[in-house]
Amino acid sequence: QVQLVESGGGLVQAGGSLRLSCVASGSIFRINAMGWYRQAPGKQRELVAHVISGGSTNYADSVRGRFTISRDNAKNTAYLQMNSLKPEDTAVYYCKTTAIPVGRLSTADYWGQGTQVTVSS
């Protein structure tokens, strides 16, 4: 099993910053990718950012230039630095990892519990 624990959400004013953390633990052989998704009330979950093996990153157009995803490989941890936050960034943010569990050759996706980010205007 692979488990993800997220933290760092909260309430901030527009223009402020937050840093989300996601720690992966369990029987992990290799993490191929880690990413952040978000879901606002009444809307579909969307990709915010992800980073894959080798360091390549991808961002949603709505956050590019404001958010930065990073990984600490030694700690199996992903971060999402969110700057210049806007009210439309308000959502539950979920961490996802694509990982190979110990004893297997193929990947599986694992999700965190989500952390609330609220940006006031």
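## Strand 9 and its partners

Strand 9 pairs with strand 11 (residues 115–120) in the antiparallel sense over 3 bridges, and in this pairing Ala91 has Val117 of strand 11 as its bridge partner. The model described here is a predicted one. Strand 9 is also joined to strand 4 (residues 28–39) by 10 bridges, again with the two running antiparallel, and to strand 10 (residues 108–111) by 4 bridges, likewise antiparallel.

Strands 9 and 10 form a hairpin with 6 residues between them, and Gly103 in the turn has a positive phi of about 90 degrees. Strand 9 is mostly covered, since 10 of its 11 residues are buried.

## Thr97 within strand 9

Thr97 belongs to strand 9, which spans residues 91–101, and is the bridge partner of Met34. Thr97 is counted as buried because its relative accessible area is 0%, under the 20% cut-off. A polar atom of the Thr97 side chain lies 3.1 Å from the backbone oxygen of Ala33. Leaving aside residues up to four places away in sequence, Thr97 touches a set of residues that includes Val2, Leu4, Ile31, Ala108 and Tyr110.

## Glu6, a buried acidic residue

Glu6 is located in strand 1 (residues 2–7). Although Glu6 is buried, it has no salt bridge, and the nearest side chain of opposite charge, that of Arg45, is 8.0 Å away. With residues up to four places away in sequence not counted, Glu6 touches several residues, among them Cys22, Trp36, Tyr93, Tyr94, Cys95 and Gln113.

Note on methods:
Residues numbered from 1 in each chain as written. Predicted model: local features only at pLDDT ≥ 70, side-chain atom pairs only at ≥ 80, totals over all residues. Heavy atoms only, no water. Buried < 20%, exposed > 50% of the residue type's maximum accessible area, 1.4 Å probe, protein only. Polar contact = N/O pair within 3.5 Å; in protein donor to acceptor, adjacent residues only side chain to side chain. Contact = heavy atoms within 4.5 Å. Lys, Arg positive; Asp, Glu negative; His and termini not counted. Salt bridge = Lys/Arg side-chain N within 4 Å of Asp/Glu carboxyl O. Pairing = 2+ DSSP bridges.
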